[in-house]
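Here are my notes for you, point by point. Keep the model open while you read, and look up each residue as it comes along.

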Amino acid sequence: MEPLSFQEYICSLDPATLPRILRICSGVYFQGSVYEISGNECCLSTGDLLKVTDITLQKVVCEDVQTGQTTELPPTFKGEQNCPDPARCHHTPLLSMGPSCPGALSGHGGLSSAVPQGSFLGGSRQKGLTLQQAMAWRDRQTQPLLCPTISSHALLLRPVYEVQAIMHLRRDTVKIPSTLEVDVEDVTEESQDVHFARPLLLSEVLAMEEVLPAQVKILEGPCSTAVFESTWVSRLQKGQQLQIHSCSHAWRVLALARNGSRRFLLSSAYQGRFRRRPRQFAGVQELAASLQPGQQLHVVVTQDCEGRGDDVPPLSVGDRLEARQMLSCGTSARLLCLRHCGEEEGEEEEGEKLLLPLDLGGGFVEEVCDSKKYSLEELLERLTLPCDVRVSATDPALERDVLGSFPALRLEARITQPFLVSSFCEEPDEGFEIPPRWLDLSVILTEEPVRAQAPSTHRSCVEELTEAFYYQLLAQQPGGSAPPPPRPPKPKATSGGAQTGPGPERSDKARSRIRYPPTPQPPSSPQARLAPPPPQKARSPTIERSTPNKYSPCPRPPSASRPHSSPGDTVVDSSSAEHDYETIEEEIQKTTHRIQTIFPF
């Protein structure tokens, strides 16, 4: 078949013979666009193959053979009521298709007054036709037509079709206007064995479990946010071949190292063992947020909290509290706690009831007396996330279990996400798991055989996450995107003024320890005021006065040097009597005893 223009070929194409395979003989490229203009394909290279699957009439351009004026008619044109506005007509003639094109003859028949408005006349038969009938009749009769509604002169009809086709390595069906200036030839007969490869995303392969296992070739690497810190992620580049074996539906757990430096995703196949760790709370607000309905939370105070009058007594380090529930006190909410003063276990004393405001600071640590080892599944069945744990026994299947090097981990949330068990073709025994919804790739299926035996995926049991993706994933969890609680109001000032520092008793005691320098007295007589100051003695260049510290706020003149006392001398320096030291050994012993009682290990 000789090459034809794309417009000429489509106009002569019988839709009943579709699909047809075409080869581009003369390509086209529109500068300023890479792929599409208004949703249509406009860049075709010489040698490209098209598989035409459907054609649709978009519009018909009517050209007056005498004036060259053109009018565009929609496919639904039925007569005068749908005739386009004359303002839309223009005098720029279209490219002529030449005498060999259908409908390009110059002869025309007469016009009959009996013809309905909006109908087309063909030849001497004076037959009225609709636009659709005129287009079908035009393919058989090669001469212009008449339409009294549009013009009194003969008209050339130029249809414009939208062609839907399949191209190699294109995901979607392309749409090509028939007026695209390319030459094509029909190669349907000699291209029966041509396969048009369609790119797929891994998320689409996830829904095609019937084709697995399969071998794929990467056309485009991941363009989203980096997910894992693993080395195999950097190898997912264009041209890399993968073997996809199966789909894994194992659940995961989001974990965070307590120092906040590293983040992990643990698989349910992880075989390590865990122990519970006490949770730490910075303030009553965090303590109340961790309290589950219908449960009590036993904590120990790790930081002194000053009281607020008679309503809120002070809390001391080592106090044992039992958080019960939240109560409404007027316009504010408070946390109901019981303070147990006894240090003996099993004591049945009810304890002192406390109503702690949420804006109260301090520090608390959870009482945990559970030394049992749990698997990851048992831990999630027993505890409510988030919870703090530590790895007591690492996974023996891992060559190096990094989780064992952290003193504590916080398990944030349980995640159910499908993964694809994959491996590189050059390393079929070392497998890994790809989350298609987080790490999507553009691939094509190949006909290469796949190894029947599935690879080992032990190294995917613990995957380290990037910091950016960790917070993105945490925000997707239920309650993760909720705004933080409002900042608690500051305590109201008392009648004597707001106390922002230590309590009154402690302030008075601290103020009594400070020794202020004596206030200089003014001179008693006017002569003394006018008298010049006495000359100062010259300082020795080798003697410099040190900067006073917090224990001696008032600078003192250097005292005369005294002979060194003997080791047996028990005389106490008089300057040491000015310091007020407190004996805190008893308090340290009491605090140590309380902590040893609470934490047996």
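1. Does L169 count as buried, exposed or partly exposed? At 37% relative accessibility, L169 counts as partly exposed, because buried would need a value under 20% and exposed one over 50%. You'll find L169 in the loop between β10 (151–166) and β11 (174–177). Have a look at the backbone there too: phi of L169 is near 60 degrees, which is a positive value in a residue other than glycine.

2. Now step back for the overall picture. Please keep in mind that this is a predicted model. The protein has 601 residues, and 36% of them count as buried. Its secondary structure is made up of 9 helices and 30 strands. Taking the contacts with a separation of 6 or more, 70% are between residues 24 or more positions apart.

3. Two prolines deserve a click. The peptide bond from L18 to P19 is cis, with omega near 5 degrees, and P19 is placed in the loop between α1 (6–11) and β2 (20–26). The peptide bond from L212 to P213 is cis as well, with omega near 0 degrees. P213 belongs to the loop between α3 (202–206) and β14 (214–220).

4. On to the aromatic rings. Searching the whole structure turns up 8 aromatic pairs. One of them joins F228 and W232: this pair is tilted, with 6.0 Å from centre to centre and 55 degrees between the planes. Both of these residues, F228 and W232, are buried. Ring pairs also link F228 and W232 with F424 and F432 into a cluster.

5. How is the pair of F419 and W438 arranged? The ring centres of F419 and W438 are 6.0 Å apart and their planes are at 85 degrees, so this pair is edge-to-face; the cut-off for that label is an angle over 60 degrees. F419 lies in strand β27 (residues 419–424), while W438 is in the loop between β28 (427–434) and β29 (442–445), so the pair ties together parts that are 19 residues apart in sequence. F419 counts as buried, at 2% relative accessibility, and W438 counts as buried at 10%.

6. The charged end of R252 sits over the ring of F419, at 3.8 Å from the ring centre. Another arginine to look up is R414, which lies over the face of W251, 4.3 Å from the centre of the ring.

7. How many cavities of 30 Å³ or more does the structure hold? There are 2. The second largest cavity has about 30 Å³ of space. Sorted by type, the lining has 3 nonpolar, 1 polar and 3 charged residues.

8. Which residues does Q243 touch beyond its sequence neighbours? Leaving aside those within four places in sequence, Q243 is in contact with A214, Q215, V421, S422, S423, C425, P428, P449, V450 and R451. Q243 itself is in strand β15 (residues 241–248). With a relative accessibility of 7%, Q243 counts as buried.

9. L338 is part of strand β22 (residues 332–340), and it is buried, with a relative accessible area of 2%. Apart from neighbours within four places in sequence, its contacts are R320, L321, E322, R324, E350, G351, E352 and K353.

10. Last one: S375. Look for S375 in the loop between β24 (363–366) and α5 (376–382). Is S375 buried or exposed? S375 is buried, because its relative accessible area is 16% and the cut-off for buried is under 20%. Not counting residues up to four places away in sequence, S375 touches G272, R273 and F274.

Definitions and conventions. Residues are numbered from 1 along each chain as its sequence is written. This is a predicted model: local features need pLDDT of at least 70, side-chain atom pairs count only at pLDDT 80 or more; totals for chains, interfaces and linings use all residues. Side-chain values use heavy atoms; hydrogens and water are left out. On a 1 Å grid over the protein atoms alone, a cavity is a set of points where a 1.4 Å probe fits but cannot get out, and a pocket is an open set with protein on both sides within 12 Å along at least five of seven lines; lining residues have an atom within 4 Å of a point. Grid points are joined across faces, edges and corners, and a volume is the space filled by probe spheres set on the points. Ala, Val, Leu, Ile, Met, Phe, Trp, Tyr, Cys and Pro count as nonpolar, Asp, Glu, Lys and Arg as charged, and the others, Gly among them, as polar. Rings of Phe, Tyr and Trp (its six-membered ring) pair if their centres lie within 6.5 Å; planes under 30 degrees apart count as stacked, over 60 as edge-to-face and the rest as tilted. Buried means under 20% relative accessible area, exposed over 50%, partly exposed in between (1.4 Å probe, protein chains only). Helices (H or I, at least four residues) and strands (E, at least two) are DSSP runs, numbered from the N terminus. A charge sits over a ring if NZ of Lys or CZ of Arg is within 6 Å of the ring centre and within 35 degrees of the ring normal. Contact means heavy atoms within 4.5 Å.
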